[in-house]
Amino acid sequence: MAISGRFFYVALAALVPIIALPGALTWLLCLGILAALLTADLLLAASPQKVALQRVIPQGVRLGEPCTATLRLANESPRVLRGEVKDGWQPSAGAANALQKVSIRPRERAALAVALTPTRRGDLFTHHVTVRSYGPLGMAARQRTIPAPGVLRVLPPFHSKRHLPSKLRKLRELDGRAAVQIRGAGTEFDSLRDYVRGDDVRSIDWRATARRRDVVVRTWRPERDRRVVIVLDTSRTSASRIGDETALDTGIEASLLLAVLAERGGDRVGLLAYDRRVRAKVSSTGKGNMLNAMVQALAPLEPELIELNTADIAGAVRTVTAHRSLLVLVTSLDAGAAEEGLIPLATSLARQHVVVVASVRDPAMDDARLDRTSTTAAYRAAAAEHALNRRAAITAVLQQAGVEVVDAPPQELPPALADTYIRLKAAGRL
């Protein structure tokens with residue numbers, strides 16, 4: 001039972017006529033009247049146990065975008081339900097009006113719209129709804145917390161999607177679907193043309209030459225139907241915060257842009273989220289929209305505070321494809337983890353695949369390296385310089401082993417990784 005603020009005003013009005021009575025009789029009468037008012041108001045309140053609930057929650061919403069969850073209430077009691085309803089969403093769901101007043105007649109229904117603006121990616125939960133029912137005088141209330149579980153899946157924002165049109169235009173130029181057609185090294189046959197001095201004699205088509213009685217050569221273009229495998233590191237290094245997001249969030253953005261670009265470029269794409277086991281696995285060979293499948297699989301991912309098991313990554317990649325592929329490792333270049341696991345792994349994989357290591361760099365380190373305005377800042381600058389030098393040394397070792405490295409700040413990593421994919425495809429290395 002709850003007692004409202006209105007109780008005191010109603011009680012005061014009822015007690016004014018008897019305040020003049022003498023002694024203990026006054027107090028007895030006052031207590032009796034108060035108890036009677038409270039009891040009567042409580043008995044006339046609609047029972048919250050006779051309130052039926054139903055939720056309608058969107059299937060998914062992008063991070064930062066507003067949405068509306070609907071709570072439908074049915075008053076199955078014979079009395080008017082006057083009171084308040086509070087929906088128990090967790091704070092990161094951003095419920096702007098979780099507490100709302102209601103007035104529902106007997107045997108009627110009402111729908112409450114709860115405005116949500118999520119501030120965190122993943123599955124956000126609500127477990128219950130609290131209903132407080134007041135009597136007609138508003139003096140007392142009956143309250144009940146009703147179990148009503150619900151889940152809202154908050155998808156990655158995919159801000160890097162704005163880069164997709166320009167990257168697709170570059171791909172169309174490579175494939176000859178735009179006005180400019182680029183022919184170069186590759187393994188996919190393009191056309192026949194007459195031999196000119198300087199052409200590689202290995203490109204001569206002898207059968208066509210015999211038919212035309214003139215030397216004819218084949219032209220090639222980069223093969224389209226290739227395999228692209230993205231391995232997204234979800235180990236402890238992905239939990240580092242860079243600006244307002246984690247390294248994992250930036251990796252998800254870069255992976256989404258590359259996957260969509262490669263799929264629309266005609267390649268087969270597979271994605272693994274991995275630390276010591278496979279956290280998510282998506283392939284473009286399956287039915288349905290690959291982008292939707294990827295965002296649904298990546299949405300609930302959170303960094304795991306464990307070391308990356310680099311020894312088993314090669315085996316996990318073989319479950320996706322056994323053929324030569326473009327293998328993109330979205331991981332950290334920080335010293336320690338990279339020196340012990342990443343360098344041997346990437347060097348080994350580069351013998352069979354074209355390997356690209358994509359890593360996000362904290363721009364705060366570049367700023368700290370230049371600040372020497374105080375003794376503390378100078379020490380911080382020295383530490384930043386040391387970290388960047390070790391990062392550059394790791395990059396040099398990887399590049400000597402034939403591994404492509406993309407090291408960029410959060411906003412620049414997705415388009416830089418996409419440009420590397422287009423460059424490798426134009427060079428015929430895929």
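The largest pocket of this predicted model has a volume of about 540 Å³. Of the 24 residues that line this pocket, Leu63, Asp244, Glu245, Thr246 and Asp249 are the closest to its centre. On a 1 Å grid over the protein atoms alone, a pocket is an open set of points with protein on both sides within 12 Å along at least five of seven lines, and lining residues have an atom within 4 Å of a point. Grid points are joined across faces, edges and corners, and a volume is the space filled by probe spheres set on the points. The model is predicted, and local features need pLDDT of at least 70, side-chain atom pairs count only at pLDDT 80 or more, and totals for chains, interfaces and linings use all residues. Residues are numbered from 1 along each chain as its sequence is written, and side-chain values use heavy atoms, with hydrogens and water left out.

At least two residues of the lining of the largest pocket come from each of β13 (241-242), β14 (245-246) and α5 (247-264). Helix α5 gives the largest share, four residues. Helices (H or I, at least four residues) and strands (E, at least two) are DSSP runs, numbered from the N terminus. By class, eight residues of this lining are nonpolar, seven are polar and nine are charged. In this scheme Ala, Val, Leu, Ile, Met, Phe, Trp, Tyr, Cys and Pro count as nonpolar, Asp, Glu, Lys and Arg as charged, and the others, Gly among them, as polar.

The second largest pocket holds about 280 Å³ of space. Its lining has 22 residues, and Ser240, Ile242, Ala247, Ser332 and Val360 lie nearest its centre. Two or more lining residues come from each of β12 (227-233), β13, α5 and β18 (354-360). Nine residues of the lining of the second largest pocket are nonpolar, seven are polar and six are charged.

Helix α5 has 18 residues and reaches 26 Å from its first C-alpha to its last, close to the 26 Å expected at 1.5 Å a residue. The expected span of a helix is 1.5 Å times one less than its number of residues. Of the 18 residues of α5, 15 are buried, and the helix is mostly covered. Buried means under 20% relative accessible area, exposed over 50%, and partly exposed in between (1.4 Å probe, protein chains only). Gly266 follows α5 and has a positive phi, near 95 degrees.

Pro410 is found in the loop between β19 (404-408) and α11 (413-426). Why does Pro410 count as buried? Pro410 is buried because its relative accessible area is 14%, and the cut-off for buried is under 20%. Leaving aside neighbours within four places in sequence, Pro410 is in contact (heavy atoms within 4.5 Å) with Ile242, Glu245, Thr250, Val360, Arg361 and Pro363. Pro410 and Glu253 are 157 residues apart in sequence, and their C-alpha atoms are 9.1 Å apart in space.

Two cavities of 30 Å³ or more are present in the structure. A cavity is a set of grid points where a 1.4 Å probe fits but cannot get out. The largest cavity holds about 70 Å³ of space. It is lined by Val231, Asp233, Tyr274, Leu308, Ile313, Leu329, Val330, Thr331, Leu342 and Leu345. Strands β12 and β17 (326-330) and helix α8 (337-349) each supply at least two residues of this lining. The lining of the largest cavity divides into eight nonpolar residues, one polar and one charged.

The second largest cavity holds about 30 Å³ of space. Its lining is made up of Arg226, Arg227, Arg324, Ser325, Leu326, Val354, Arg429 and Leu430. Three of these lining residues are nonpolar, one is polar and four are charged.

Helix α8 also contains Glu339. Glu339 is partly exposed, with a relative accessible area of 38%. Not counting residues up to four places away in sequence, Glu339 touches Pro344, Arg390 and Ile394. Glu339 and Arg390 are 51 residues apart in sequence and 9.8 Å apart in space, C-alpha to C-alpha.

The protein as a whole has eleven helices and 19 strands. Of its 430 residues, 44% count as buried. Among contacts with a separation of 6 or more, 71% are between residues 24 or more positions apart. The protein exposes about 22200 Å², of which carbon and sulfur atoms supply 54%. Accessible areas come from the Shrake-Rupley method with a 1.4 Å probe, and for residues only the protein chains shown count as cover.
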